[in-house]
Amino acid sequence: MQLDEVLQDLAAESEALDRLVSGLDAQQWSRPTAAPGWTVAHQIAHLHWTDEAATLANTDPAAFFARLSEIDDPHTFVDRAAAAGVAPPDELLPRWRAGRQALADALRKVPPGEKRPWFGTAMSPASSATGRMMETWAHGRDIAETFPELAQDHLRPTARLRHVAFIGYRTIGHGFASHGRSAPTDPFRVELSLPDGDLLAFGPAGAPDRVTGPILDFCLLVTQRRNPADLALQATGEHATEWLTVAQAFAGPPGAKREPKAKR
């Protein structure tokens, strides 16, 4: 994907979420979401914090590394940063809007071919924007599912999910590694049905390990918004079957994962 294309879809995804949360009152901003301990305000505060961190990484890598060195507990700093950023909606919304614009401007200024640091890796501007697209969609999904009566349009899958699916495919090895397991050396084949009936495919057609199903279910899996038992995904091959249990498109330690519906 070209940077401008990803940024255009990231802006559209952010604006769709903005329309949803800007229509909520202060009490609704305090409503708990599916992420344990996180309200709507925590979700937006996290998106703003991560946009700021990405902007810093792309404008001042030394300052970004300095911030990394201050992280004392990788398992709790995300929750603590989200909590620290919680504010009334009339403060948090403008802050988030300005932050995501600053990030887009910063990504466009990175010289072609260069990468910038991120948590445990380095990313091109297009990859960074794709990561922000993935997070914006995932946290927006948590908010939309908190208000299903208000968010029917937001809950419908769009063509923008191809970015989330792409990063989900690219991070197959990361999912194994983040769970302390050896990543398979052979490639995977991923075939996903799109809302319009077309097929989106990644990996060689003859790969023995395959994952197939709806793109929405794949994206819910790699962002850990659903348990594999609740998804219409089919895995073929030992490694593909194992991957369903460790899929993780985001950086950092493994998430807590969602329980299957039968256990809720």
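Which helix holds both Arg132 and Glu135, and how many residues apart are they? Both lie in helix H7, three residues apart, which is about one turn of the helix. Before going further, a word on the ground rules: this is a predicted model, in which local features need pLDDT of at least 70 and side-chain atom pairs count only at pLDDT 80 or more, while totals for chains, interfaces and linings use all residues. Residues are numbered from 1 along each chain as its sequence is written, and side-chain values use heavy atoms, with hydrogens and water left out.

**Helix H7**

Helices and strands here are DSSP runs numbered from the N terminus (H or I, at least four residues, for helices; E, at least two, for strands). H7 covers residues 125-146, and its 22 residues reach 32 Å from first C-alpha to last. That is close to the expected 32 Å, a span defined as 1.5 Å times one less than the number of residues. Of the 22 residues in H7, 20 are buried (under 20% relative accessible area; exposed is over 50%, partly exposed in between, with a 1.4 Å probe and protein chains only).

**Salt bridges**

A salt bridge is a side-chain nitrogen of Lys or Arg within 4 Å of a carboxyl oxygen of Asp or Glu. By this rule the count comes to 19.

| Pair | N to O distance |
|---|---|
| Arg116 and Glu114 | 2.7 Å |
| Arg132 and Glu135 | 3.9 Å |
| Arg141 and Glu145 | 2.9 Å |

Arg141 and Glu145 also sit in H7, four residues apart. An α-helix has 3.6 residues a turn, so residues three or four places apart point the same way. Arg132 is buried at 3% relative accessibility, and Glu135 is buried too, at 14%. Arg141 is buried at 9%, whereas Glu145 is partly exposed at 25%. Elsewhere, Arg116 is buried at 15% and Glu114 is partly exposed at 34%. Glu5, Asp9 and Arg162 are linked in a salt-bridge network.

**A hairpin and a loop**

Strands E3 (residues 188-193) and E4 run antiparallel, joined by four bridges; strands pair if DSSP finds at least two bridges between them. Ser193 has Leu199 of E4 as its bridge partner. Five residues lie between the strands of this hairpin, where Gly197 takes a positive phi near 95°. In E4 (residues 199-202), Leu200 and Phe202 form the covered face, and Leu199 and Ala201 the uncovered one.

Gln224, in the loop between helix H11 (215-222) and strand E6 (234-236), has a positive phi near 60° although it is not glycine. Gln224 is buried, at 7% relative accessible area.
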